[in-house]
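I have kept to two contact surfaces and left the rest aside.

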Amino acid sequence: MRRNQVAVVGAAETTKLGVIPDMSQIQLHADAALNAIADAGLKLSDIDGIATAVETPQQIAHYLGITPTWVDGTSVGGCSFMLHVRHAAAAIEAGLCKTVLITHAESGKSMIGKQPRFTPPDSLNGQFEAPFGVYGPPSMFPIPVLRFMKTYGITHEQIASVAVVQREWAAKNPRATMKDPITVEDVLNSRMIAYPFRLLQCCLVTDGGGALILTSADRAKDFPKKPVYILGTGESVETPMVSQMETFNSSRAFKVAGPLAFKEAGITHKDVDHLMIYDAFAHLPLFGLGDLGFMPYEETGKFIADGNTRPGGKLPLNTNGGGLSYMHSGMYGMYALQESVRQMRGIAPAQVKDAKISVCHGVGGMFAASGTIIFTNEK
Amino acid sequence: MAEAQRARPKPTPETQHFWDGTQAGELRLQRCDACDHVYFPPRPFCPKCASRKVSIFKSSGKGKLYSYVINHRPAAPGFTPPYAIAVVELDEGPRMMSNIVDCPQTPEALELDMKLEVKFEKLDDKITLPMFRPAKG
Ligand SMILES: [Zn+2]
């Protein structure tokens, strides 16, 4: 795909984030979509492409009253929206549609109009993982951590510092769910969830949503908000079974998606002003920093513990507070994208001064999938 | 009210030999006749070279502890927390999820790379699960 041919011209989250007991999941989609459409100064009838995950595109298109000529129902977990951005950019470039709406929403906390997750007993996960007591992401996602720590000499304190630093960022974001400062000791003394991870190393469970609107770069300059261009993209999948990853020392999906996006963008790591790495759990930023090639894995824990990713640090990371402190409705990728767009527009609550390039890296499932989008505000 | 039960696997035509094996006291893996690749979970072709000529064989049942969590909450139905969910690396190469039995469920007792051996635990008349315990000797 060519650089900077497609731009984000509308971006918004749901009116409320956190606990939203008065809205079903599908209405959260609509709330985010209507906010994004207003942000772009468009009408519903201007939308001719739609992408969403978990809920089907037909569900969202019909509920909103949209007649699309392009749809994408890619549903690979929390990074689905990164993949939607990539697919939408390709579709717009190919002339399949002009204006794409991507929606995410989840009634993750209130569970209104949300189908519970179910693992069929004759699926591979149902046969070869479920019988051994996995029960929700906290029992699965951290399974690789102890191996990763042993291989690279990463300490419990270093991984705890991920949550501490992100809470510092969250404190600067009025819409963040958790804003009170915490220490490494607080993290290591919080309730045990699945050793080695404790409560403050696990993502929040909240309600909310977000939506993006993309169009071609030549049209983008006529929109009310500053366009945010798509500079590079990557995607991949590995396995739905965490036990079957090629290795616990890295994520194959990360190692494919991330470098693809850097190559397409034609940038090096030194060019990155702002970074989002989907943090469903505290180890993910370490995997991300290593797999995306920012530094050797051995240095990732120390890099964060030393404060390099905190406010004022040289690599601002997860500046909304992340899934650990900002919000996490189940599929956090959309919120990472929203923060990248805010940073590129120059309107983020914790704005990184003069940021020109933002890398937004997502995970789906338990390292099952990955998508990376690199944004810029300079054409 | 019936007590909550551990999730029970339901074999498919491609995995039946594995579950027949555990009932017979064998941990069965598959090897590609064309390229010798040993793989898991079961499927009737080689995921490395796509050959459909594959053989089922009995694993040594020996391996080592690759990684784990000790789950505290929420506990899966049929489990009493804390309990370890482990990934075992078999001597033949493939890894599989399992539980570690005959061993305290603590970080001190569960050392990465400790040697393990399979121990079959009967769930009911149709399903026997492959568990692992610290290797003897
Ligand atoms: Zn083969």
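1. Basis. This is a predicted model, in which local features need pLDDT of at least 70, side-chain atom pairs count only at pLDDT 80 or more, and totals for chains, interfaces and linings use all residues. Residues are numbered from 1 along each chain as its sequence is written, chains are lettered from A and ligands numbered from 1 in the order in which they are written, and side-chain values use heavy atoms, with hydrogens and water left out.

2. Domains of chain A. Domain 1 of chain A covers 6–115 + 207–227 and domain 2 covers 135–204 + 232–376; such bounds come from an automatic or database domain assignment. The C-alpha centres of the two domains are 23 Å apart.

3. Extent of the domain contact. In chain A, 37 residues of domain 1 touch 36 residues of domain 2, where contact means heavy atoms within 4.5 Å. The two domains bury about 2,700 Å² between them, 62% of it on carbon and sulfur atoms. Buried area is the accessible area (1.4 Å probe) that two parts lose on being put together, summed over both. A:Glu13, A:Met82 and A:Arg86 supply 27% of the area that domain 1 buries against domain 2, more than any other three residues.

4. Charged pairs between the domains. Four salt bridges are found across this interface, a salt bridge being a side-chain nitrogen of Lys or Arg within 4 Å of a carboxyl oxygen of Asp or Glu. A:Arg86 forms a salt bridge with A:Glu235, with the closest N and O atoms 2.9 Å apart.

5. Extent of the chain contact. Chain A gives 35 residues and chain B gives 41 residues to the contact. The chains bury about 3,100 Å² between them, 63% of it on carbon and sulfur atoms.

6. Charged pairs between the chains. Two salt bridges are found across the interface of chain A and chain B. A:Arg147 forms a salt bridge with B:Asp113, the closest N and O atoms lying 2.8 Å apart.

7. Strand pairing between the chains. E5(A) pairs with strand E4 (residues 62–71) of chain B in the antiparallel sense over two bridges. Strands (E, at least two residues) are DSSP runs, numbered from the N terminus, and two strands pair if DSSP finds at least two bridges between them. A:Ala194 stands opposite B:Asn71 in E4(B).

Key: Helix = DSSP H or I, 4+ residues; strand = E, 2+ residues; numbered from the N terminus.
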